[in-house]
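Visitor: Hi, could you walk me through this one? I'd like to start with the ligand.

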Amino acid sequence: MDAREVAKHWEANAEGWTCQVRQGLDVFRDQLNSPAFFAMLPPVRGLRGLDVGCGEGANTRQLARLGARVVAIDVAPTFIRHAAEVEKTQPLGLDYQVADAMALPFGPSSFDFATAFMSLMDMPDPARALREVSRVLRPGGFLQFSILHPCFAPPHRRVLRNSNGEARAIEVGGYFDSTDGRVDRWWFSALKTEDRKTVEPFCTPIFHRTLSGWFTIVGMAGLVVEELGEPTVGAGAGTSGTVLDETRVAPLSLHVRAFKRWA
Ligand SMILES: C[S@@+](CC[C@H](N)C(=O)[O-])C[C@H]1O[C@@H](n2cnc3c(N)ncnc32)[C@H](O)[C@@H]1O
């Protein structure tokens, strides 16, 4: 699937996605994934940052609250419109632009750091996106990104539960298969079953890559990995039946921080 088609899918998702995340339905993002990401993030106060694939901007706003001066891009104009509307009413100094991560409209060394929250795995050519991010980072600057975990969210994933509904194992398959834009239809797990009759599912193109595939393209972009994270709610969290509960057994996302080599 080419970049234009991928962008069309995200534009089609953007209205419903914004509405649902703002109702708190992205429980995984809000209660585990983003808090873990920010806990791993180095201090950004006073730094120039780029947020890649910002969506409706919740994480971008958090970067600004931490004191960073942030430019945020997304390929879907509707996401950028919603993010910019919040900026108008509750200004944090954020600059939102419609742009493709695989062709960033910024000069070399424009940023001290970059973030990409759950967006790089949605791109047909993440190697190019990583090269672009590396190009616009200053030497010594860092990129921190989160992706679906290549090992535990490959093309086939099924959660096996015990009789109490608690996750006890994750069945995975197709780890070595390339999905090249297979379109998955899904709802946020917190959306009630009865609401699924009236709410359209998201259609997201999937571009699975192996763990070694990811580390290869990070290195080829001139980035050196310095920290990894695998968020979990941990034992005894009392989250039975939710997407959070699955992370007691194995992580759903992988967090990576890498810095740009000096030469
Ligand atoms: C799973 S959403 C995450 C949104 C946001 N970062 C968050 O954490 O709420 C993935 C985002 O990546 C964006 N995206 C996908 N391909 C892109 C590309 N080539 N360039 C820029 N953004 C892209 C989508 O439009 C979408 O907003």
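Visitor: By class, how many nonpolar, polar and charged residues does the shell around the ligand have?

Guide: The shell around the ligand has 12 nonpolar, four polar and four charged residues. Here Ala, Val, Leu, Ile, Met, Phe, Trp, Tyr, Cys and Pro count as nonpolar, Asp, Glu, Lys and Arg as charged, and the others, Gly among them, as polar. Please keep in mind that this is a predicted model, where local features need pLDDT of at least 70 and side-chain atom pairs count only at pLDDT 80 or more, while totals for chains, interfaces and linings use all residues. Residues are numbered from 1 along each chain as its sequence is written, and side-chain values use heavy atoms, with hydrogens and water left out.

Visitor: Which residues come nearest to the ligand?

Guide: Of the 20 residues around the ligand, these are Arg29, Gly53, Asp74, Ala101 and Phe117. A residue is near if one of its heavy atoms lies within 4 Å of the molecule or strand in question.

Visitor: And what about Asp74, how far is its polar side-chain atom from an oxygen atom of the ligand?

Guide: That distance is 2.6 Å. The side chain of Asn59 also has an N or O atom 3.1 Å from an oxygen atom of the ligand, and a polar backbone atom of Val75 is 3.3 Å from a ligand nitrogen. A polar contact is a pair of N or O atoms within 3.5 Å; within protein, one must be able to donate a hydrogen and the other to accept it, and residues adjacent in sequence count only if both atoms are side-chain atoms.

Visitor: How much of the ligand does the protein bury?

Guide: The protein buries 96% of the 590 Å² that the ligand exposes when taken alone. Those areas come from the Shrake-Rupley method with a 1.4 Å probe; for residues, only the protein chains shown count as cover.

Visitor: Which elements give two or more residues to that shell?

Guide: Helix H1 (3-22) and strand E2 do. Helices (H or I, at least four residues) and strands (E, at least two) are DSSP runs, numbered from the N terminus.

Visitor: New topic. Where is Thr78, and is it buried or exposed?

Guide: Thr78 sits in helix H4, residues 77-89. It is buried, because its relative accessible area is 10%; buried means under 20%, exposed over 50%, partly exposed in between (1.4 Å probe, protein chains only). Its side chain makes a polar contact of 2.3 Å with that of Glu11. Leaving out residues up to four places away in sequence, Thr78 touches Glu11, Ala14 and Glu15, where contact means heavy atoms within 4.5 Å.

Visitor: What about the largest nonpolar core, which residues have the most contacts inside it?

Guide: Leu50, Leu120, Leu130 and Phe145 do, in a core of 32 residues. A nonpolar core is a set of buried Ala, Val, Leu, Ile, Met, Phe, Trp, Tyr and Cys residues joined through side-chain atoms within 4.5 Å. Helix H5 gives the most to this core, with five residues.

Visitor: What does Leu120 touch?

Guide: Not counting residues up to four places away in sequence, Leu120 touches Pro126, Ala129, Leu130, Phe145, Ile147 and Trp214. Apart from this core lies another, of 17 residues, among them Phe37, Val44, Ile80 and Tyr96.

Visitor: Last one: what is phi of Ser109?

Guide: It is near 55°, a positive value in a residue other than glycine. Ser109 is in the loop between strand E3 (95-98) and E4.
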